[in-house]
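Student: I would like to learn how to read cavities and strands in a model. Please take me through one case.

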Amino acid sequence: MNQFSYVRPASQQAAIDAITRDSSARFIAGGTNLLDLMKNGVLAPEKLVDINRLPLRNITLNNNILHIGALTLNSEVAAHPLIKTHHPLLSQALLAGASQQLRNMATTGGNMMQRTRCSYFYDTTMPCNKRTPGSGCGAIGGVNRMHAIFGASDQCIAVHPSDMCIALVALDATVLVAGPKGNRRIPFGEFHRLPGNTPDQDNNLGKGELITGIEIPHSPFTNHVYYLKVRDRASYAFALVSVAAALDISNNTIRDARLAMGGVAHKPWRLHEAEKTLIGKTPTVENFRIAATVATQSARTYQHNAFKVPMAQNSIVTALQKAAAV
Amino acid sequence: MKKQAVGQSMDRVDGRLKVTGGARYFADHQPEGMLYAALVCSPISSGRITAIDATRALRAPGVADVVSHLNVPPIPGYKVENPNPKQGLKIFYDDRIYSNGQPVAIVVANTLERAVYAATLVKVTYAQEVHQTDMAGSIDKAFQNKNMKDYQRGEADAWKKAPVSLEAEYNIPIEVHNPMELAGIIAHWETPDKLTLYAKTQGVKSVQQSLKTLFQLPESQITVHSQFVGGAFGMALRIWPMEVATIIAARKIRKPIKLVLTRKDMFTLVGYRPAAKQRIGIGATADGKLTGITHEAIANTSPYEDFTEAIVNMSRMMYACPNVNTHYQLVSLNLSTPVWMRGPGEATGAFALESAIDELAHQLHMDPLQLRLINHADTDPEKNLPYSSKYLKEAYEMGAAKIGWQQRSQTPGKLEENGWLVGYGMSSGVFGAGRGRATASATLKADGSLVIRSAAADIGPGTATAMVQIAADATGIDVKKIKFLLGESEYPEAPRQGGSSTVSTVGSAVNDVCRNLQQKLGELATANIPAFKDLKVENIQHEDGQLVAGNTRLDYAAVLQQQQLPELMVTTTSQAGDERKQYAMYSFSVHFTKVHVHPATGVVRIKHIVSVADSGTVVNTKTARSQMIGGVVGGIGMALTEEALIDHRFGRYVNNNYADYHVPVNADTPPTDVLFINKKDPVINPMGAKGMGEIALIGFAAAVSNAVFNATGKRVRDLPITPDKLI
Ligand SMILES: Cc1cc2nc3c(=O)[nH]c(=O)nc-3n(C[C@H](O)[C@H](O)[C@H](O)COP(=O)(O)OP(=O)(O)OC[C@H]3O[C@@H](n4cnc5c(N)ncnc54)[C@H](O)[C@@H]3O)c2cc1C
Ligand code: SF4
């Protein structure tokens, strides 16, 4: 690890100033991802701006809109009564991620900003367009069992590893951002990017911008929700595929539906078309199968990850069954 | 008479130290003036080093030196004419790169962080050559060396003529040693010809032996300390190039140096279970009598050493089958040398054989337990010898009852619980019950306490605890007054801890040295103590730490006190005799599992495990149970989660960390019932204890894959059984 300087500003503005002045500076929150990247030589910031003194650790409900401060820990969000009551899907997704020790350190903002787990990205002797633009993609033609089946490019086929974000994209959250040019709001589905020709950019956060929190609008998805994570061991493993399923059912009819997937794309993958097939239908396995087929229509696979298509379909059906309790 | 100590569920004598942080592992030591090392490792997999530029590293703060083949001090043992490449990797010997991750330089600095940082500043240039890390690409170059004899009993390939037969291929990937404690060493040259080491090893004496030649030093000039080891499982049975590199650097810099590997380096520098491709042909009569087994295996080794193990041996002796032939080959890949990994080759082989037995049972429409019973070997079919003891049938019976084997459906895919498919599977395991040669010393103190020393290791099973129990029964002295000291090269000779033979080998030495101590006490008493004067030594009884003659009883301590002796020391060497030529000696295990398989996602969850050990006398039921559970957890990894992935284009591991290489976590580990036959083996050693470490894992993976087949009708022959293989 290189030598770096370290500051711990007390105000949001000071934090933004500190980061804007120095092109290689990084915010550090829980450090659970950033430190690993630094130890592996993937990132070598000359300055760390520790944001843990900022007053961004809170969960509140105002006018039916739930606000989560960017520094609220993953474990706090998962266990919070407001979350468990109003957005149990988010609680489930968080608890499926990492381990309790990591969740006790990891923050809401840091979780959104975590980098892909693609092995080539972490190994500086390997080619990787995300780490070193133009060096090639190690995963294409390499070991790509964990990689994307949706929205990849010939530059990068990495997946976004977060579980939390899959629930947030399903719940239509909004990302609250403060930056040198003031505050702005980014719809969650537009926060992360597809790799295209710029795989080095994971998301649309601008230079010097700080995530201050997220908002989740009121939702009817309190009963019929399920976060299904399929992984190689029972706990403490990233998703092969995951599904966030939320249904609003009354009179045996699906009024509204949300479906999103993790482990399949460079961003939390919302399945709008599949959702549409469910609305107005009865919650039956047959209807869930139709949704699953629609969901995977655009899939494209690589040498080792073709299994993800049937696994995704089956997982969508299973998650919807669990959510609907049928 | 005191209650017997052997057979009790006694707490570990070092338990408190371990859970309070009082146990000092190699890396916890801190010799005065110690420096820290970091390795620079090759990113290429074959070729030559063309230049090493250490200028920037040497200028970095706190750096003492950068040692490589370019500036290595003379190593006496390296001066061998025409170095045989099969001698093992000589670190910093020349510019050759044999595998990715091979250390090319060691950077030493006054803090770990500085060493690690400076290592990133060393610029190494290479001339790359073609490498091969994929077994599939090298199968045509498979070879046998002279230790790898083919075996044939009866007719070769007889299975082909059997009324019911099958042939199948089974593959296991490379599995990597990943104990919690990282490997490494502290090397300290106290003088130019006196070396002190704090090592992570399974045998302090073997470290001494290896270095004796390399540095041409007498044994007495090499001291090895290794009192606590945080899990080794075979990886510390030999000395590795990274350890030699540290010793070389310490010699050059003349300061103590500590190296602790990174998790990533654990994949390339301390051995691993080699990948193996196995083919089994098996045939039986329609009523299930085996008529032929053919077992062929190809496993990988490194370019510079042939690592062989007993992959195909179980097929030769497990079942009463008239015709058996085995064939075992190696493929040399640009990887570091493999090493034994718990259960070693036997576990690899058992996966194939015990899966094939299950497949055959299915074809025969027969309960696989029944098939095993029909073909039970009453005498060893390979050696043609009776068993010293064998309670395998009882083990099958106990295990079947405990798991509820009668609930198993002979037709796969028939049982369901809460939306999950349910399957039951079983397997057997076997491992030679060894007994080597060991020496122990016993020192009785005037206060009645007893200290026994032997240069044995404890890599986790609780060796000292078992030895204290054995000594307590041999002497009648209370366990609380006995200490067993190990892990020091100055202690009497003991072999490495491996192959499940420590209790048998070192335990026998402990037993025998205690008997000799009693003899010595008898001699002292008859020579000098009035109440015993007229007696013959043989007529003196020993009970509860006392000499007994008629109504006269005298504490051992009193013998010393009366003679004004501060202590009495006896040293004894103990080894097996002719009995090993007259009997076949094996430990057996039986594993039963109940699994759930999710029909949609392919996820496998083991719900219940029953493992039964026929390992003779169980010295300590508590540590033995832990030992079995530990082996089972290793088996869960082998069956479901562990696989080291290599990108063959680069010859480089891609999942070389704890997040991506999946060792089982608690959530993967269901309730495990460990049952013991616990019947004394009348032949093997005075305690009647056979070994247990290896059988805990051997066969286990097959019990899982057989259960998965029973649940789903899908036969997975390539481990690990990850969800994608069941979709
Ligand atoms: C072994 C392991 C297993 C894991 N398994 C899972 C899993 O199964 N599922 C899962 O979802 N996650 C998993 N994680 C990832 C974990 O969730 C993330 O590491 C964590 O959420 C990151 O949060 P942090 O606060 O520690 O971020 P940090 O490491 O502090 O920061 C990460 C990045 O975010 C930036 N950042 C942090 N806060 C802000 C902010 N407010 N505004 C702008 N930028 C910011 C930092 O500059 C940095 O670039 C795992 C991690 C590990 C190490
Ligand atoms: S998939 Fe993306 S992150 Fe992985 S190697 Fe390719 S470019 Fe790098």
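**Cavities and a strand**

Tutor: This is a predicted model. Searching the whole structure gives seven cavities of 30 Å³ or more.

Student: What volume does the largest cavity have?

Tutor: Its volume is about 90 Å³. The lining of the largest cavity has 13 residues, and those nearest its centre are Asp232(A), Val604(B), Arg605(B), Leu640(B) and Ile721(B).

Student: Which residues are closest to the centre of the second largest cavity?

Tutor: The second largest cavity has a volume of about 70 Å³. It is lined by 15 residues, with Cys118(A), Cys128(A), Asn129(A), Cys137(A) and Cys156(A) the closest to its centre. Its lining divides into nine nonpolar, five polar and one charged.

Student: Now the strand. How do the side chains of a regular strand alternate?

Tutor: In a regular strand, side chains alternate between the two faces of the sheet. Here, strand S26 (residues 567–574) of chain B has Leu568(B), Val570(B), Thr572(B) and Ser574(B) on its covered face. On the uncovered face of S26(B) are Glu567(B), Met569(B), Thr571(B) and Thr573(B).

Student: Which strand do eight bridges join to S26(B)?

Tutor: Strand S20 (residues 438–445) of chain B, and the two run antiparallel.

Student: Which residue stands opposite Leu568(B)?

Tutor: Leu444(B) stands opposite that residue of S26(B).

Methods: Residues are numbered from 1 along each chain as its sequence is written. Chains are lettered from A and ligands numbered from 1 in the order in which they are written. This is a predicted model: local features need pLDDT of at least 70, side-chain atom pairs count only at pLDDT 80 or more; totals for chains, interfaces and linings use all residues. Side-chain values use heavy atoms; hydrogens and water are left out. Buried means under 20% relative accessible area, exposed over 50%, partly exposed in between (1.4 Å probe, protein chains only). Helices (H or I, at least four residues) and strands (E, at least two) are DSSP runs, numbered from the N terminus. Two strands pair if DSSP finds at least two bridges between them. On a 1 Å grid over the protein atoms alone, a cavity is a set of points where a 1.4 Å probe fits but cannot get out, and a pocket is an open set with protein on both sides within 12 Å along at least five of seven lines; lining residues have an atom within 4 Å of a point. Grid points are joined across faces, edges and corners, and a volume is the space filled by probe spheres set on the points. Ala, Val, Leu, Ile, Met, Phe, Trp, Tyr, Cys and Pro count as nonpolar, Asp, Glu, Lys and Arg as charged, and the others, Gly among them, as polar.
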